[in-house]
Amino acid sequence: MQALKKKKILLGISGGIAAYKSAILARRLIEEGATVKVVMSSGAQAFIQPLTFQALTGNPVHTDLLDPAAEAAMGHIELARWADCILIAPATANTLARIANGLSDDLLSTLCLATDAPLFVAPAMNRLMWANAATTANCETLASRGVHFFGPGEGFQACGEVGSGRMMEPEDIRDALIASLNSTASASELALSGKNLLITAGPTREAIDPVRYLSNHSSGKMGFAIADAATKMGASVTLVAGPVSLTANPDVKRIDVSSANDMLDAVMQQVSTSDVFISVAAVADYRLEEVKEQKIKKSDDTMQLTLVRNPDILKSVSTLPNRPFCLGFAAETENVEEHARGKLKNKNLDMIAANNVGNKDNPVFGSDTNSLDVYWPEDGHSKIPSGSKHDVAKALLELLTQRLENTE
Ligand code: C5P
């Protein structure tokens, strides 16, 4: 079995002669099933060409913090978010010092600041640089912040000296990384492994005629953040998305839909294999009784549209005989707890996550942040404080995992 299957590894290469060994390291990681993206410092490029890594990994190599093309394709924040872990090999004295001091004036140091993924470093430098008190202090700082060190090893050095400071061999780094990832995989990272999650996200569009529709302001960000967080916690995720301009985690199975009825059809096709259903979508409550085949021409000063109720997708799932664990959302403008608890009961849910969308100073729709009050039967309640939608998604899934265990 490949020990790094599905792992997304950002391989940082800084400017030491050991950089030539990183090509073999990239190869070894890929052999274990990892997807590898490479970031090189300018010093590293003096020792080995980015093209070598592009050819080995099949991915473009990232070198500049402010490269307009790279920003358009995948900004540094997205790259940091993409990574399951960052491995810097070789990590020079300079790179260790920069990261220990929180510098962010090149791409590699910025990525280390912008990620919450585990960071692994394989130092490589002359023995006296390694033994220097400044390097020792930097390494202690990094270790105290949870950075994992691989090596350095002892032996003959490129500078002609013999001592401690050699980069560990690529195969040894690979093995150490596998062992470390296995042992540091926290309970929460593995909490949803083996589970199939079905998630709806975004708005729906209800056609009026060929050019017009009814919809709402949902951006889909919360649902996409939950899909991403669940994938990182080991779940297999199917995301049924209304019309949004977001990119899903590539490991998510995404099904794009438009109307509430389309969303219902897609959900019903997937639900039988799902352990958990999370209904984040802002589904339009009504659709047009009749969708005009031709564009409606303006005539009178007023016009009337007749709307009919859309199916309640969440309730259709939660009332199935063999239903999955159901988590609903409630966007409320007042009496949040009362309304959320009402929906929990009426829709036969296991959990409901409520947010107050009535606060003009803190809009939820389209925002990158959120806060939630989560309720479950028998007076269960937990508050998830304001944070990025990604952090809130993770906290919500940790709560869901606990409830799931209680109901299984
Ligand atoms: O009743 P209300 O629309 O406030 O309920 C919100 C919850 O129900 C959300 O989880 C939403 O995704 C879901 N819902 C649905 N189908 C609808 C309306 C709401 O699945 N037609």
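Asp209 is buried in this predicted model, with a relative accessible area of 3%, and its salt-bridge partner is Arg212, the closest N and O atoms of the two being 2.5 Å apart. Arg212, by contrast, counts as partly exposed at 34% relative accessibility.

**Salt bridges and a buried polar contact**

- Side chains of opposite charge can pair when their charged atoms come close.
- Lys347 and Asp312 form a salt bridge in which the closest N and O atoms are 2.7 Å apart; because Lys347 lies in the loop between α15 (336–346) and β17 (351–356) while Asp312 lies in the loop between β15 and α14 (313–318), the pair ties together parts that are 35 residues apart in sequence.
- Both members of that pair are partly exposed, Lys347 with a relative accessible area of 21% and Asp312 with a relative accessible area of 28%.
- The side chain of Arg98 meets that of Asp106 in a salt bridge, with an N to O distance of 3.4 Å, and Arg98 counts as buried because its relative accessibility, 16%, is under the 20% cut-off.
- A network of salt bridges links Lys21, Arg166 and Glu169.
- Asp373, which is found in strand β18 (residues 369–376), counts as buried at 15% relative accessibility, and a polar contact of 2.7 Å joins its side chain to that of His381.

**The ligand and its surroundings**

- Which residues surround the ligand? They are Ser279, Ala281, Val283, Asp285, Pro311, Asp312, Ile313, Leu314, Gly328, Phe329, Lys343 and Lys347, so that the list includes Asp312 and Lys347, the two residues joined by the salt bridge described above.
- Pro311 contributes through its backbone, where an N or O atom lies 2.8 Å from a nitrogen atom of the ligand.
- Taken alone, the ligand exposes 450 Å², and the protein buries 85% of that area.

- Helix α16 (residues 389–407) has 19 residues and reaches 26 Å from its first C-alpha to its last, which is close to the 27 Å expected at 1.5 Å a residue.
- The buried residues of α16 are Lys389, Val392, Ala393, Leu396, Leu397, Leu399, Leu400, Thr401, Arg403 and Leu404.
- An α-helix has 3.6 residues a turn, so residues three or four places apart point the same way.
- In helix α1 (residues 19–31), Glu31 is partly exposed, with a relative accessible area of 39%, and the C-alpha of Glu31 is 48 Å from that of Pro311, the two residues being 280 residues apart in sequence.

**A nonpolar patch on the surface**

- Tyr286, Met303, Leu305 and Leu307 form a nonpolar patch on the surface, and together these residues have about 380 Å² of accessible area.
- Met303 has its place in the loop between β14 (286–288) and β15 (307–309), and Met303 is exposed because its relative accessible area, 55%, is over the 50% cut-off.

**Backbone details**

- Most residues other than glycine have a negative phi, and most peptide bonds are trans.
- The peptide bond from Ala89 to Pro90 is cis, with omega near 0°, and Pro90 is found in strand β3 (residues 85–91).
- A cis peptide bond also joins Gly151 and Pro152, with omega about 10°, and here the proline lies in the loop between β5 (148–149) and β6 (153–156).
- Asn348 is not a glycine, yet has a positive phi of about 60°; Asn348 lies in the loop between α15 and β17 and counts as partly exposed at 37% relative accessibility.
- Glu378, likewise a residue other than glycine, has a positive phi near 60°; Glu378 lies in the loop between β18 and β19 (380–388) and counts as exposed at 75% relative accessibility.

Definitions and conventions. Residues are numbered from 1 along each chain as its sequence is written. This is a predicted model: local features need pLDDT of at least 70, side-chain atom pairs count only at pLDDT 80 or more; totals for chains, interfaces and linings use all residues. Side-chain values use heavy atoms; hydrogens and water are left out. Patches are made of residues with over 30% relative accessible area and no salt bridge: like charges are joined within 9 Å, nonpolar side chains (Val, Leu, Ile, Met, Phe, Trp, Tyr) within 5 Å. Accessible areas come from the Shrake-Rupley method with a 1.4 Å probe; for residues, only the protein chains shown count as cover. A salt bridge is a side-chain nitrogen of Lys or Arg within 4 Å of a carboxyl oxygen of Asp or Glu. Helices (H or I, at least four residues) and strands (E, at least two) are DSSP runs, numbered from the N terminus. Buried means under 20% relative accessible area, exposed over 50%, partly exposed in between (1.4 Å probe, protein chains only). The expected span of a helix is 1.5 Å times one less than its number of residues. A residue is near a molecule or strand if one of its heavy atoms lies within 4 Å of it. A polar contact is a pair of N or O atoms within 3.5 Å; within protein, one must be able to donate a hydrogen and the other to accept it, and residues adjacent in sequence count only if both atoms are side-chain atoms.
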